[in-house]
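These are my notebook entries on a structure that I examined chain by chain. I set down each item as I looked it up.

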Amino acid sequence: MAKIVVDPITRIEGHLRIEAEVSGGRITDAWSSATMFRGIEKILKGRDPRDAWFWTQRFCGVCTTVHSMASIRAVENALKIKIPPNAELIRNIIMGIQNVQDHVIHFYHLHALDWVDITSGLKADPAKTAALAASLSEWPKNSPTYFKAVQDKVKAFVASGRLGPFANAYWGHPAYKLPPEANLMATAHYLEALEWQKDVIKIHAILGSKNPHPQTFLVGGMSIPVDPDSQNALNADKLMEIKRLLKKAQDFVEQVYIPDLLAVASFYKEWAGIGEGVGNYLCYGEFPDAAGNLWLPAGIILKKDISKVLPVDQGKIAEYVDHSWFENSKGTGKGLHPWEGETEVSYTGPKAPYEHLDTDKKYSFVKSPRYEEMPMEVGPLARVLVAYASGHKETKAIVDLVLGKLGVGAEALFSTLGRTAARGVDCLLIARQTPKFLDELIGNIAKGDLRIHANEKWDPSEWPSEAKGYGWHEAPRGGLGHWIKIKDQKIENYQAVVPSTWNASPRDAKGQRGPYEAALVGTPMADPNKPLEILRTIHSFDPCLACAVHVVDANGNEMVKVKVS
Amino acid sequence: MSKRTTEESLHDVENAPVQHEHSIGRMLQERGVSRRDFLKFCSAMTAAMALPASFAPKVAQALDEVKRPTLVWLEMQSCTGDSEALLRSANPTVGEIVLDILSVDYHETIMAAAGHQAEEALDKTIAAFKGKYICVIEGSIATKDSGVYGSTGGKSHLDRARQVAGGALATIAVGTCASYGGIAAAVPNPTGAVGVKEAVPGATVINLPGCPVNADNLTATIVHYLVFGKIPALDSHGRPLFAYGKRIHDNCERRPHFDAGQYVEHWGDDGHRKGFCLYKMGCKGPATFHNCPSQRYNEKTSWPVASGHPCAGCSEPNFWDTMSPMYKRLPNVPGFGIEHTADKIGLGLAAGAAAAFAVHGALNALRKDKEPSDESKEG
């Protein structure tokens, strides 16, 4: 049996390696391995809990706000801090645009080339392309002249003989199904989205100085001051700029992303029967209002049964390391709750350079989180399924519309195509909701409420000697949780169980595959030397590996205390 | 220093006759970028390099003569934040960088090929352009236990760095991790993370620290090389003086409030809303060298201090240890008031801090005071 290796998996965040067995033109087994480790949680021990957001933000520079959010929520949960309404709304806007921008980048720049053959677009008729685009959307740029200009640009680029990042790819692969006109349309929008994403994310710069890595989060609130009468604070001018950018974001999602997604999906419907995965879904819920009610509901769906949504209990989460390069003093087969983690990195893989990992033993720097010992998928699909099954009105309307347009039933969601479609649904929902958070913020400021921070517990001398808490967040890639223990005003223990830890996890003690591994089984492979189909299913999860890899160390060495004074 | 305006300079070169085949200027023209837009780009680059506006024609002329140079971009122990910064680049945009200005032959985050096909593209490029390509490295390099904490394509990151940076014309370390080890190298540095220069001592390395790098500084560094045929002048930490030659505190828009003794005392208080100095909230601007106040981020929209948050000192070596806790004010800064200059504060900083531990950033601040550099002056 042929064992194929894809390393690096490109067009993702981080370092991911897939090994797969192929037989009879299909994948019969697969292993997911993360090949990079930093140990930031170990570095966090002994530091100021108020700084943790800034450190954990560096878990990931793509979903660049999400660890900050989970971190400040964990500390606020531990210290029982309630933040002012303006801070909650500003956070919602930051999360909203992060999600929308991230999903569009994923679709066009990380995922599209799995479905779109750029070179085929060179043969397209620009007028027919414009007609196709006009039948899908009223986007004003979609003219014959526009598509002709894009085609000419791509032609000139190809003629230069230097294909740069598009060299050596899978152009002409038999699994590409789009007609030339659809390929040209998607290529044009690939380039357009590249411009769009840098504009709309300026919202992060307005509210938080820059993106990536906005610098605006505070335990207890946000650091962007609010004052309509100051030029150094969030004032009418800046609020209107945010409004304009949110409109720009929503227009592009409604008129370009969603029509393109539906058009591409309609040519690849067989992928609604491929890439199912583990069939269990976890969502923490998101977008709290002032009373703490979540706009998108939390819940768990087991075995694809959308007639039941179970509540989430953080006590039922545990991480296993039986196939991960860590040690566990409690012994093999034992899972540890994030607060109680005591894991030490211990690489036992092959010496580089190597051809294959020993997948019977330990083979990844990602641990295996399980919920009541079950592997769970997190992400837009989990979020949309939980909302759909919970009867969330806006979600139900969009999901039914998408399923109707594609002429498929709800069972099609449990697939590679379903995952990619759910990301579009999620994006559209949030693109429409985020302007409402801005309106609420403006209304609140109009009432004279300028508070952005709960100051009472900023000074660590106001804290109890010991505290512990957790913070949940629905990141673009799914359910993210941070767990913190604080002792004597310092971090005693810190643990993050992130979306790609769930999804990229290796096998657990029972030998149960993680979601990537399970989803790959059964995937067809037209040519094992050109792993296009593997990329389709893996990219449908939107992997983000840097944050998936981490270590907890409750019994580690006392770290050297280094401080400014 | 020339008094000519940028517009006048642009006018001079609009009729510039030389446009070599396959040059960057020609490529842009063929892609439908107008000559005028190209010249605006040249003038933005000139400003980013802290050169007088009169240099814009020279920049344009030089770019008309170079073909797309080859660039390969490696990810090590990174968060991909520097790649994302590149995606937010506006002048030029990432589309122009990838399609027109450079030939980006390897970049894991954007390239279409994966696995063997990706590695083959890298191998071919570094063989065909040996000694001529630019290498960019993002993320620190794990050296502990023979480098087992980072591998791609079955090869350790340490070996990849030696091979690819070793054969490059020059290597640009983007971000603080690639420059000095960054967050992974913070105490207790579990993986033995180091920056590129330490991992590959023989390589020619330009450090562009910052968390993440300011993409404008990256493109300006490349353009600097294309225009002048040599790498920019560097400080003792390997950073280009055009971007890291001045202390944040000295260029800060809130400096008058510092001098006047007007400080933010609590988040959201009257001073915070009015844009007072963030020194007491932990600002590390007095010990940090970077062009954030002038270059800003996301098309000059903002930078940390402008959004009400203290500078974290992210462009200084070892800032994760030496500048934390983040909200603790810098020590032993001499009394406040208009008569106290930043130089005195720099001296006090180093003297006070060096007793307890080595503050590289502050020591560097002291060193800079004694070595004023012409390159760092604005036109």
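**Conventions.** I note that this is a predicted model, in which local features need pLDDT of at least 70, side-chain atom pairs count only at pLDDT 80 or more, and totals for chains, interfaces and linings use all residues. Residues are numbered from 1 along each chain as its sequence is written, while chains are lettered from A and ligands numbered from 1 in the order in which they are written.

**Chain A as a whole.** I counted 15 helices and 16 strands in chain A; helices (H or I, at least four residues) and strands (E, at least two) are DSSP runs, numbered from the N terminus. The radius of gyration of chain A is 24 Å, close to the 24 Å of the globule rule for 565 residues, so chain A is as compact as a globular protein of that length. This radius is taken over C-alpha atoms, and the rule is 2.2 Å times the number of residues to the power 0.38. The C-alpha trace of chain A spans about 70 × 65 × 50 Å along its principal axes.

I then looked up burial: 61% of the 565 residues of chain A count as buried. A residue is buried if 20 or more other C-beta atoms lie within 10 Å of its own, exposed if 12 or fewer, and partly exposed in between, with C-beta atoms placed from the backbone.

**Helix 15 of chain A.** Eight of the nine residues of helix 15 (residues 532-540) of chain A are buried, so this helix is largely enclosed by the rest of the structure. Among them I listed Glu533(A), Leu535(A), Arg536(A) and His539(A). The buried residues of helix 15 of chain A pack against several elements of chain A, including strand 1 (2-6), helix 4 (85-111) and helix 12 (416-446).

**Where the chains meet.** The contact takes 85 residues from chain B and 91 residues from chain A; two residues are in contact if their C-beta atoms, placed from the backbone, lie within 7 Å. On the side of chain B that touches chain A, the largest share, five residues, comes from helix 7 of chain B. By class, I recorded 38 nonpolar, 31 polar and 16 charged residues on that side of chain B. Here Ala, Val, Leu, Ile, Met, Phe, Trp, Tyr, Cys and Pro count as nonpolar, Asp, Glu, Lys and Arg as charged, and the others, Gly among them, as polar.

**Strand 2 of chain B.** Strand 2 of chain B also supplies at least two residues of the side that touches chain A. Five of the five residues of this strand (residues 103-107) are buried, so strand 2 of chain B is largely enclosed by the rest of the structure. Four bridges join it to strand 1 (residues 70-75) of chain B, and the two run parallel; strands pair if DSSP finds at least two bridges between them. I noted Tyr106(B) as the bridge partner of Val72(B).

**Tyr180(B).** I located Tyr180(B) in helix 9 of chain B. Is Tyr180(B) buried or exposed? Tyr180(B) is buried, with 27 other C-beta atoms within 10 Å. Leaving aside neighbours within four places in sequence, the contacts of Tyr180(B) include Gly195(B), Pro209(B) and Pro317(B). The C-alpha atoms of Tyr180(B) and Asp105(B), 75 residues apart along the chain, are separated by 25 Å.
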